[in-house]
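Take a look at the protein shown here. The report below walks through some of its side chains, loops and packing.

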Amino acid sequence: IKMSKDALIVSFSELQAIDQEDIIMLVDVQTAIRICNESLANESANPADVLILWLSKLLRAYVDEAVCCVNAIKEMWSWLGMVTADSQDDHLAIVKEALNFADVYKKHILKSGERLVHGSACFLLTMINRFSRNRSILKICIDLHLVVLSLLRDITAGSETVNFRIIPLIKEMTAIAEYLGERITHLQVSIRTSETVTFMCVHYLKLIKHQHKIEQEPMPEWLKDTLVHLCDSVCSQLETVHNKETLAVPLEKVKEYVKVTRAYLLMIQEIFRVGVTTHLHEDVSSGLLELFSEPEPSNDLGKDIPILVSTYVKPYAMQLFELVYLLPDFQEYFIQNLNSNEDSFNVCMDFVTVVCTDNTAVTANTCQMLQKIFEYMFKDASNFVHEENYDRIIEGFGSLLYLLDNEILNNYFCAGLFQKDIVTSQACADVLMLCFRLKEVNKGWDSKAIEQAVSFWNECNDSYALFSHNPSQWHVQRFVKYFHIMGRQKLPTLSLRNYRHLSAVIGSSDQVGRKLMKHLDDITSDVPTEIGNYYDIIGVLEILAQLGHTSCSQWLTRTSEMAKQLMTIDKSSTFVSAYFRLLLASDKATQLLVLRGLDPVIGCTNWQRQKFLASCQSSTDPQLRAFSARHSIKGDAQPLLEALLGKPKDLDSSVDATYQELSKASYFREAEHKCHPVANLKRKREESTPRKILQALYESSLQLGQCSKDTFDAADIELHKKVIANLNSALQ
């Protein structure tokens, strides 16, 4: 051994020969590194021998010199890269020495601090990642890996700062976890790796949370990598479970496998329960959405495997969903991906479910999310014609509306009734009705609320034209009738002004039918000459047709000539519709009598008349068929009429294609209803003459006369005096 002014100069073989106890006194770290590099350069030593020397002797000698050891480990990384892939014996020797060093000197390494632990761990994990592909040394690599995991847990538990060094550490650990997770025999080691990564993230997240930063920062790379790894692990596990090969695996083994999936879900939950205060990285949002959107298995897996998934996976996925659905970044990503080609039905319904089950106050952003989801569900009619899907949507949103009692959503669904899109209009009505019924069975309606609901829906109903056939009015009248029954309201008086209300709430009483028939006889002694009388007749006909059980044969027989005259009047389609709707419900003899007197119509376009003629043309009565043959129906209505009568003929391909059209354009209405705050006939039918005003006052006075004197309070009596005074002044 020769000494120089700068350093002790020895050969690599001499360095190998020095006892461990003497090394630190004879050769410093930098000199040892230089000797090794020079030996590698002149090929007097190979990389494996250099690494074995450091792991077996030099690192142990210098371990208490933390800074020096860190420099040595940096060099060992480069030497590791020089080890050839085919020298398996060298790989085994290196890993054995690494395991011995990490296990025996664990306390020394921990005592030297985070920097050395992180450096050593990253070097050892890189070694494991490279050598573990060799099955012959996989077992010893796993043993080394478990020691490294223990080191990292212990050092992290006492850490007080977040250091960038954990980024490569977590990348190496997740890569090892994914590799080991491919084999069921090493699945538990993979889980322990992911648990350690999760433990580290949770610890560092708590440190970040206590920093109280005002503005949200981008998600740290180490947290992003961890969450992406965990989400990918869940998806990978489920993909394996859904393979048809799973049927050949014993059920107990499958059960163990889905429990592993549950373990990964619990790890993700643990991270989000601490609270992710940073922005959510897009890759994480993507992983979460893929996890929640796990498609139904394409193979028939019987009943046992789906039960296992629904027991050990689905509840925990929903718990996780509840933790992340409020995050703005996740919501934004969710909405952006709704319009992709993938079917998002199930994940959308799960979103609705977690909003229902979560007790957190609903934000304005979440309300917008729910509205966009509802609109996605009815972007076309595909869910509307799918019975199971439609029922799930209505049950989900109806329950949501009841549980939240949110003004924004209530207004959204009420406004949805009046949309041009008749499918969405129907769905909004069904959602509202379910909400109202849930409130009813749970005793949520009091008399004041019912009174307000009656007033609101009556006002909506009165905003339509007198004989409007706007589809949204059918939904409005459902609610008018519902609250009329709930509030035990009396029937309004029989008058033209009350027709819309009557048509919504009238029941099936024989007494009501007889009263209507008497009124109809009174107003049809001759052809009506006044517009008010004309509309009065139509109103009664519509209600009688709606009742269905009242016999109108005598009236139809007596007034057949009058009806023919009315049909010749311009713009008589409203009367024609009401008349033939009533006639269709009558007996065959009456139908035949009226049909005989009708002038032939070619290309009939009135829907109610079309239905009547189609019924006669398909009747078993030969006379009805014969007389109806003189009339023809416009061709495009024929297939629909045949379908309604239950006797569809073979349709050509063009008609079939039309029936399969489910896009919004195929059922979108041009006109949109707008409610008016004051009830009116929507279109001006006639001027309000004194006679009309007096007639309305007379009818109202009859209704007022049914009230007992005791029901009038002081304000009512005062108002009565003012009405009398105004009436008297009108004649002066």
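Which residues does Tyr204 touch, not counting residues up to four places away in sequence? The list is Glu114, His118, Thr156, Ser159, Thr161, Val162, Ile166 and Trp222. Keep in mind that this is a predicted model. Tyr204 itself sits in helix 11, which covers residues 187–209. Its relative accessibility is 1%, so Tyr204 counts as buried. The C-alpha atoms of Tyr204 and Leu223 lie 9.2 Å from each other. Along the chain, these two residues are 19 apart.

## The whole protein

Now step back. The protein has 732 residues, and 47% of them count as buried. Its secondary structure comes to 37 helices and two strands. Next, consider contacts between residues at least 6 apart in sequence. Of these, 76% join residues at least 24 apart.

## Nonpolar cores

In soluble globular proteins, nonpolar side chains tend to be buried together. Here, the largest nonpolar core holds 180 residues. Trp54, Met127, Leu288, Phe334 and Trp457 touch the most other members. Helix 13 (residues 251–274) gives the most to this core, with 12 residues. Another core lies apart from it and has 47 residues, including Met517, Ile523, Leu556 and Leu624.

What does Trp54 touch, leaving out residues up to four places away in sequence? Its contacts are Val29, Ala32, Ile33, Cys36, Leu59, Arg60, Tyr62, Ala72, Met76 and Trp79.

## Aromatic rings

A search of the whole structure turns up 33 aromatic pairs. Take Tyr325 and Phe351. Their ring centres are 5.7 Å apart and their planes stand at 90°, so this pair is edge-to-face. The pair links distant parts of the chain, 26 residues apart. Tyr325 is in the loop between helix 16 (314–324) and helix 17 (328–336), while Phe351 is in helix 18 (residues 345–357). Both Tyr325 and Phe351 are buried.

Trp555 and Tyr579 make a tilted pair. The distance is 6.5 Å centre to centre, with 55° between the planes. This pair also links distant parts of the chain: Trp555 belongs to helix 28 (residues 553–558), Tyr579 to helix 30 (residues 573–584), and they are 24 residues apart. Trp555 has 2% relative accessibility, so Trp555 counts as buried. Tyr579 has 0%, so Tyr579 counts as buried too.

Rings can also gather in a group. Phe374, Phe378, Phe384, Tyr390, Phe397, Tyr412 and Phe413 form one aromatic cluster.

## Charges over rings

Which ring lies under the charged end of Arg153? The ring is that of Phe199, and the charged end sits 4.7 Å from its centre. Lys439 lies over the face of Trp445, at 4.1 Å from the ring centre.

Asp405 is not a glycine, yet its phi is positive. Lys443 also has a positive phi in a residue other than glycine. The table sets out both.

| Residue | Phi | Loop | Relative accessibility |
|---|---|---|---|
| Asp405 | about 50° | between helix 20 (387–404) and helix 21 (407–416) | 60% |

## Cysteines

A disulfide is a covalent bond between the sulfur atoms of two cysteines. How many disulfides does this model have? The count comes to zero. Cys231 shows the spacing. The nearest cysteine sulfur belongs to Cys235, 6.7 Å away. A disulfide needs the sulfur atoms within 2.5 Å, so Cys231 is in no disulfide. Cys231 is buried, with a relative accessible area of 0%. Cys552 has 4% relative accessibility and counts as buried.

Note on methods: Residues numbered from 1 in each chain as written. Predicted model: local features only at pLDDT ≥ 70, side-chain atom pairs only at ≥ 80, totals over all residues. Heavy atoms only, no water. Phe/Tyr/Trp six-rings, centres within 6.5 Å; stacked < 30°, edge-to-face > 60°. Helix = DSSP H or I, 4+ residues; strand = E, 2+ residues; numbered from the N terminus. Buried < 20%, exposed > 50% of the residue type's maximum accessible area, 1.4 Å probe, protein only. Lys NZ or Arg CZ within 6 Å of the ring centre and 35° of its normal. Core = buried A, V, L, I, M, F, W, Y, C linked by side-chain atoms within 4.5 Å. Contact = heavy atoms within 4.5 Å.
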